[in-house]
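Colleague: I have a few questions about the labels used for this structure. Can we go through them one by one?

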Amino acid sequence: MNQSFESLLVRQCAPTLAGLKAGSLFCAAGQDLRCVRRSAALWDRRLRRLGLSVRVLLERPQAGHAIVYVYRVSQLRQALLDPDCLEFLHRAGYVGGCLEQLLEQLTRRLRTQADFPHEIGVFLGYPLRDVIGFIENRGQNFTCCGLWKSYGDPETVQRCFSRCRSCVDHYVRMYQLGTPIEKLAVCA
C-alpha cells in the first residue's frame with residue numbers, strides 16, 4: 001500500500017521538522033509524479049514561514065518514484081558555510097558557496113550521476129567526519145550504524161540516533177491523533 005505524501009513527510013522527516021537535523025529525504029514511490037510535485041510545492045509554501053523548505057530533488061518516471069528533500073534553510077545554510085564543510089564540498093567539485101547554488105549542484109549530480117553522491121550527507125546534517133569517513137572507508141569500518149554510518153564516538157552518536165527515533169515515534173503518534181504537520185514543525 002502506498003503511503004500518502006503527508007505520512008511520509010512526518011515519518012521520514014520528523015527529526016528535521018523538530019529541528020534535530022538540517023535535512024531529510026524520502027522516496028515517494030508508486031504515486032503520480034505530478035501529484036508529488038504539487039504536494040511538495042504545497043508543503044513548501046505551508047512550511048516556509050517556519051523556516052523549512054520542501055523540494056523534489058529527483059524524479060524517476062520509469063521507476064515511478066521521486067526523492068523529496070525537506071530542510072531547515074537557516075540550519076542548512078549555517079552547516080554548509082562552515083569553512084571545513086565548504087572546503088570539503090569544493091574538493092568534491094562544488095562551485096560557489098550560496099545555499100541555492102550548492103542545492104542546484106546537488107540536484108544536478110543526483111540526476112546525472114550513476115552513483116548516489118555521498119556528499120549528500122552534509123545536506124542531511126550528518127557530521128562531516130562521518131561523511132568523509134563513509135567516503136574514505138567505502139561504507140566499511142564504521143563505529144556504529146543507525147540513521148547513518150558513524151565514524152566517531154559511538155556513545156555520542158547513539159544518543160543522537162535515540163533522540164531521532166523517539167522524535168519519529170512521537171511525531172507519527174501525534175500525526176495519527178490528528179495534529180497538523182504545521183503544528184508539529186518547530187519554528188526556526
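What follows is a short exchange on a predicted model.

Modeller: Start with the sheet. Three strands form it, in the order β1-β3-β2. The sheet is open, and the pairing is antiparallel.

Colleague: What makes β1 and β2 edge strands?

Modeller: Count partners. β1 (23-29) and β2 (52-60) each have a single partner strand, so one side of each is left without a neighbour in the sheet. The twist averages 20° from one strand to the next.

Colleague: How do you know that β2 and β3 pair?

Modeller: Pairing needs at least two bridges. Eight bridges join β2 to β3 (residues 65-72), so the pair meets the definition. One of the bridge partners in β3 is V70, which faces V54.

Colleague: What packs on the sheet?

Modeller: Helix α2 (residues 33-48) touches β1, β2 and β3. Its direction makes about 165° with that of β2. Helix α5 (residues 99-112) also packs there, touching β2 and β3. The direction of α5 makes about 25° with that of β2.

Colleague: Now E119, in the loop between α5 and α6 (120-123). Why is E119 called buried?

Modeller: Buried means under 20% relative accessible area. E119 has 7% relative accessibility, so it counts as buried.

Colleague: What makes the link between the side chains of E119 and R109 a polar contact?

Modeller: The cut-off for such a pair of N or O atoms is 3.5 Å. These side chains make their polar contact at 3.2 Å, within that limit. Beyond its neighbours within four places in sequence, E119 is in contact with F88, L89, Y94, R109, V131 and I135.

How values were computed
Residues are numbered from 1 along each chain as its sequence is written. This is a predicted model: local features need pLDDT of at least 70, side-chain atom pairs count only at pLDDT 80 or more; totals for chains, interfaces and linings use all residues. Side-chain values use heavy atoms; hydrogens and water are left out. Helices (H or I, at least four residues) and strands (E, at least two) are DSSP runs, numbered from the N terminus. Axes are lines fitted to C-alpha atoms, for helices over the stretch in contact, and angles run from 0 to 180 degrees between N-to-C directions. Contact means heavy atoms within 4.5 Å. Buried means under 20% relative accessible area, exposed over 50%, partly exposed in between (1.4 Å probe, protein chains only). A polar contact is a pair of N or O atoms within 3.5 Å; within protein, one must be able to donate a hydrogen and the other to accept it, and residues adjacent in sequence count only if both atoms are side-chain atoms.
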